[in-house]
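Dear colleague,

I am passing on a structure for you to study alongside your course reading. Please open it first and then read the notes below.

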Amino acid sequence: MNGRPGSGSAYRAAAAVLLVSTGLIVAGWMAHERHDRLLLGQALFEGSPPQPDRQLAGRIAGHDRDLPPEAARCANCHTSTPGTAGFGPALHAGTLVQALARRGGPPSTYEEASLCRLLREGIDPAWVMVNQAMPRYDATDAQCAALWAWLVRQTGALASPSAPLATLNPSEHDALHAPA
Amino acid sequence: MHRRELLKASAAAVATAALSNQVAQAHNVAGAVVPPALVPSIRCRLHDSRELLLHGLLHNRTTALQLMFTGCSAVCPIQGALFADVQQRLDARPASPSDLQLLSISIDPLADDHRALAGWLRRYGAGARWRAASPDAQDLDRWLDFLQGRQAGADRHTAQVYLFDRRARLALRTTDFPPAGEVLRLLDALAAQAM
């Protein structure tokens, strides 16, 4: 084969460098996307500062107008910190990913799709309808994904899906089992 | 044998009635108040600092009333938004009777002085027909008993709307979070009854 001595190995080295560089760029881009998604999820949950592209439009079931953003914020009723509870259940990996009995129904776990259905239709993974006080949201797929990503990264002591049926602290238990 | 069957049937009937009562009590008391119940003598302070009896606030007006407290971050913002929506619909009509009013009554009189109430009304853009008041602390239990407006949980009160006629009588309790259009329809219907 004609060619300069060592040209084959040079090409291979260049290809390896190109491959690694591409991999680093893609990894960096994915990390950036993940970070953006988490920021969006946090903004959607907290609802502040109010920004039109970072708000969940929601209304009470049966009503014909959306609530103002400040009345529909997740953070008004929910906490995302393990060990705390508000008017509604705490939302984090420990309460979402674990098999828990909710609202008198059988044990169930959340995943992104079932969280999205709850936001839009008010039906939990065990097919139990949530409290009427919880708005029904016009959430896009991207908003659902962002909210899910942010909520489940709030790791608690019970973050492993393979853990046995969870035991909640009293405040979390009371909020989760409050009458609908 | 006949007597034994009769006793078994009676026991079953009693048990069923008790269960029904428990189920009914698991939900808010809602519906028409028959006969309408005159508001008790309860002193309150308005958002503009005036003190007067609740009867004076209600008399000669048809009123939609809600329970709230300014420190509530869960359901009260939704209730505020609901009354803001009702007010908007009233104001959008060519001629709404001036004696239709909205009243937000605090269940936390120790914290909700007239300034806190005024701030709460401002937050929701309340106009002249929407007022707020706090009852005297010593009258709070009697007031909640009259309305049957207590609820277990962080917010401690129902999200019902209570409709009072022009004679200051409680005529109807809605279910929780009634749509604004429905509150308006009920106000109109109650006002029309008085004519």
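A polar contact is a pair of N or O atoms within 3.5 Å; within protein, one of them must be able to donate a hydrogen and the other to accept it. Please bear in mind that this is a predicted model.

In chain B, Gln160(B) sits in the loop that runs between helix H5 (140-147) and strand S7 (162-164). Is Gln160(B) buried or exposed? Its relative accessible area is 0%, and buried means under 20%, so Gln160(B) is buried. Leaving aside residues up to four places away in sequence, Gln160(B) touches several others, among them Asn28(B), Leu65(B), Gln79(B) and Arg173(B).

The second topic is the contact between the two chains. Chain A contributes 13 residues and chain B 16 residues. The area buried between chain A and chain B is about 1200 Å², with 63% of it given by carbon and sulfur atoms. On the side of chain A, His63(A), Arg65(A) and Phe87(A) lose the most area to chain B, together 40% of what that side buries.

Across this interface there are 2 salt bridges. Arg65(A) forms a salt bridge with Asp85(B), and their closest N and O atoms are 2.7 Å apart. Between chain A and chain B, 6 residue pairs are in polar contact. The residues of chain A that touch chain B comprise 7 nonpolar, 4 polar and 2 charged.

With kind regards

Notes:
Residues numbered from 1 in each chain as written. Chains lettered and ligands numbered in written order. Predicted model: local features only at pLDDT ≥ 70, side-chain atom pairs only at ≥ 80, totals over all residues. Heavy atoms only, no water. Helix = DSSP H or I, 4+ residues; strand = E, 2+ residues; numbered from the N terminus. Buried < 20%, exposed > 50% of the residue type's maximum accessible area, 1.4 Å probe, protein only. Contact = heavy atoms within 4.5 Å. Buried area = accessible area lost by both parts, 1.4 Å probe. Salt bridge = Lys/Arg side-chain N within 4 Å of Asp/Glu carboxyl O. Polar contact = N/O pair within 3.5 Å; in protein donor to acceptor, adjacent residues only side chain to side chain. Nonpolar A, V, L, I, M, F, W, Y, C, P; charged D, E, K, R; others polar.
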